[in-house]
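Hello,

Here is the structure you asked to look at. My notes on it follow.

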Amino acid sequence: MATADIKSIIMPSSWNEYIGTVLSDSGHVSRSAIYGISDSRKWASSAGFDVTSDEVRSLVVGFADPSRLWKDGVHLGGRKYTCTRSESSLIVGRESADGNGCVIFRCCKCLVIGTHEGEAHPGGCYSVVTKLGEYLKEHGI
């Protein structure tokens, strides 16, 4: 599914299935999560990938005013990424030491978060996370 159009597959019926079927099984996303924007609550995540409420709130604020992300970085699950791109619906970060990175997409009601590590390709992670985010956004989620 790495380059397949997200609309061409049958979409999962639970948030955990989105994490497994769409994100993790793509081979491009190492860890992933979906969090609510209004309450910073976890909807679903990869095993062991816990983003704190403070980290989620920082991301939500960062979409409106990215100056703090540029200065202090993007924090996810206790790891710090240098912010390399910030738009109204997209934040991209990278760890300078090893090239690992993150992609965060802001939908209407949630954030889709993906990281790439090791063999996972940054472009593939970006593509899968943004396609899922766009799909959810189109459906008002």
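Trp-43 is partly exposed, at 29% relative accessibility; buried means under 20% relative accessible area, exposed over 50%, and partly exposed in between, with a 1.4 Å probe and protein chains only. Trp-15 is also partly exposed, with a relative accessible area of 26%.

This is a predicted model, in which local features need pLDDT of at least 70, side-chain atom pairs count only at pLDDT 80 or more, and totals for chains, interfaces and linings use all residues. Residues are numbered from 1 along each chain as its sequence is written, and side-chain values use heavy atoms, with hydrogens and water left out.

A search of the whole structure gives two aromatic pairs (rings of Phe, Tyr and Trp, the last by its six-membered ring, with centres within 6.5 Å; planes under 30 degrees apart are stacked, over 60 edge-to-face, the rest tilted). In one of them, Trp-15 and Trp-43 are tilted, 4.8 Å centre to centre with 50° between the planes. Trp-15 belongs to helix H1 (residues 15-23) and Trp-43 to strand E2 (residues 42-45), so this pair ties together parts 28 residues apart in sequence. Helices (H or I, at least four residues) and strands (E, at least two) are DSSP runs, numbered from the N terminus. Ring pairs link Trp-15, Tyr-18 and Trp-43 into a cluster.

Tyr-18, Ile-19, Val-22 and Leu-23 are the buried residues of H1. Seen down the axis of H1, they fall within an arc of 115° (from the directions from the helix axis to the C-beta atoms), so they line one face of the helix.

Regards
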